[in-house]
Structures are given as C-alpha cells and as structure tokens.
Amino acid sequence: MAMTDALETTLDARELLTLIRERVPGAEWENDWLYYPKQDLRLRLEFGEMQGADDRYRASILFIMTNPAFDEDMVYVSAAAGDTPDAALRRSTEDFCTIALGNVLGSLTRMTDGVIEADVYGQPHRFHIPSTRQGIHNGDGPVHDLFETVREALPLYLGTKHAYWLELVSARVNGRPVCEARINGTVDQGLSDVLFSEQLHRQDPPAFEADKVFLLMLQDPSTAGICPFSKQQVGELTFRALEMLFDIRDEVSFQRTFRQIREMAPTKSLGYELAAFVPEIYSRVSVGYRDRGVLMPVVDRGKPDKELRCSQVRSYGYIEDAVLQFLQKRTPTKEENLHLLALSRQFHVIHEAIAAGTGIEDLRLSQLVYMVEKDYVVY
C-alpha cells in the first residue's frame, strides 16, 4: 500500500513495475529494479504527488532509468488522471510505457534513422536519430511530428554528453498554444519557442489538440569524448562554492574567493565555469526570471566569437541541479540571499530593468558572457 500526498492507494511500486513488465516484455527482476538485459537498462520508480478533487485524481510517478551510455540517471515524470488513485497511477504507468520506455529501448538497440551533427566549440559531435519515435496524440486534427519540427534547430542544443533525451509537448487548449521542450529533464526556452512558433503558423487549428513525444539520442562513439569529472563532483563543488560566496565581504575577499573556486576544480575549464555559472544560476533560480539559455565564452577579455547553449555545456545542468538541491536543504537568510544576488551580473541587469518599469514576466536575458583562457575546453 502506498501513500502519495496523503491520498491512499492499494498499489505499491512493485505492482506497477509488474504492470510495466507485462506491457513491455523482456525484463527480469533485479531486487527492486526491472532489468532489460538486451539493452542493459535498469528501471525503478518513485511516487510523486497525488491530487484529488471532485472524485477525480491526478498522480505523478518518477521513472528512473540507468544505462552505461547515460551520463546521469534518466528521470521521466509521468502524470495522468483517473477516477480513483489506483486508476491514476495505472494510467501514469501506461503512459510511460507508451511514450517513453519503448522509444528508449529502441534507441539502446541502435534502431536509428540517420544522424545529426553538432559543432560544440569547434569540436564535432554526431548523434544517432532513433527510428522509434512513438508519441501520443489527443484531440481533433492530424498527428504532428514534433521531432521534425525541432530537427533543424537541434544541432544548436546537442553537446558533449553521450546521451540526450528530448521531451516535446505541443498543444492547443481553448485555442491557445501550450508548448514545452525539455532536454535531459530541463525546460529549454529556445527549443520551446521553436514548437510555439510552429503552433502559431498552423492553418485552421482545432480548439483542442495535444501531441507529445519522448526520444533518446545517443552520441556516436567516434565523437564521444571522456569527461574528467562526474555530476556528483560538480554538485559537491557547487555546494562548496556557494558557502564560500556567502563569506565575501570586500574586493580582496572577492578576488580571493573566485580564484579559490577556479583552482579547486579538477580541470581549469570546469573552474572557469564554476566561477561564472554558480552566482548566475543561483540568481536565476532565486528570482525566477527567464533567459535564452545562451552562453558566450570570451577569451582574454576579447570579443565573444562562439555561442553555446546551456544544454551543450554539461557542467551548467549539473550546477543547476546542485543549486536547486542546495536551496532545498539550506534556506539562506534574506541577508545571505541578497549577498549572493549582488554577485550576479545578470541580476544587476534585471534590477535596473525593473526599476525602469519593466515587469519581470516580460524579461528574458539575451546571453551569459563569461571569461575563459585559450586552453578552455567544453566537456
């Protein structure tokens, strides 16, 4: 028996995993995990929120998948409604099987349909396009191929990681477009805008329609490099950097602290990124403003000559996850929060814009410029 947000259900995790095993054959039990030996994929789940109102329930489940090809755990959040808590959980599980699991297993067996090439700071990276791209469609009107909608833009968003998973949603509710693109679980505003633009240009769309697809893209071994740091290492360094930033009191301690943050990283390149990204990500997460997700490294204080997306620089997402965990575990005081915000260049831009009368919901910063040296490498 499971409890989700104080609403009782009769189903536990193993029963839902059993349902998955029946719907998608090929798995065997490995303690509390399902294991697909052909794809070397392990799967478990955690209960998310359960909400109920007027004899209608909505349940979310976190499906966690691991594979040697993944740079980090893949987490897919499935949410669905039902007449009972059990029905909502079953529907969430069935949707996961339909939208995500089959596509992931297909990609891991190298069922591919061409490649996409991305240039990341001068280095080529090739990604296999999965031929299994089954999604779901609701409402009137035709099924829309969301992958084809974003395909041309994708080279700007694929980076150095060995695996990228995309969750694409394009819907119209009461005649209004609702679009979202996630890359490895994180909302990407630029790719979401591509979906939104396509929605706006549809001819005579119905009042309600919804398409959703989830797919996994694997990098070709010929272009996949080895990263000298892990997500856990970056998370630990982020926690240390945040605590160090709280102690800055003057220009001397400012210069000393940022030098120490750069030097404590296992590589010089990660040091540049920690020093640049930690205060800016903290500011964005704390204040809640949007940006374009564009990074611009500058060598020796010259002009930016290369543009990157946040999804292309693996440490950015690792640092963002760590900042979110930090704020969950430690609630900074108002004084500490303002102290860290003062270290963010982007926050100063936001503050000036708001003082000039611009609403924060209308703000979207253009890019994050950060200083590096000629030896900078994007891992």
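Predicted model: local features only at pLDDT ≥ 70, side-chain atom pairs only at ≥ 80, totals over all residues.
Residues are numbered from 1 along each chain as its sequence is written, and side-chain values use heavy atoms, with hydrogens and water left out. Local features need pLDDT of at least 70, side-chain atom pairs count only at pLDDT 80 or more, and totals for chains, interfaces and linings use all residues.

**Exercise 1.** Determine whether F258 is buried or exposed, and which residues F258 touches.

Solution. Step 1: F258 belongs to helix α6 (residues 251-263); helices are DSSP runs of H or I, at least four residues, numbered from the N terminus. Step 2: F258 is buried because its relative accessibility is 9%; buried means under 20% relative accessible area, exposed over 50%, and partly exposed in between (1.4 Å probe, protein chains only). Step 3: leaving aside residues up to four places away in sequence, F258 touches L245, I248, A275 and P279, where contact means heavy atoms within 4.5 Å.

**Exercise 2.** Classify the aromatic pair of F239 and F326.

Solution. Step 1: rings of Phe, Tyr and Trp (its six-membered ring) pair if their centres lie within 6.5 Å; planes under 30 degrees apart are stacked, over 60 edge-to-face, and the rest tilted. Step 2: this rule gives 14 aromatic pairs. Step 3: F239 and F326, at 5.3 Å centre to centre and 80° between the planes, are edge-to-face. Step 4: the pair joins helix α5 (residues 231-246) to helix α8 (residues 314-329), 87 residues apart.

Conventions: Helix = DSSP H or I, 4+ residues; strand = E, 2+ residues; numbered from the N terminus.
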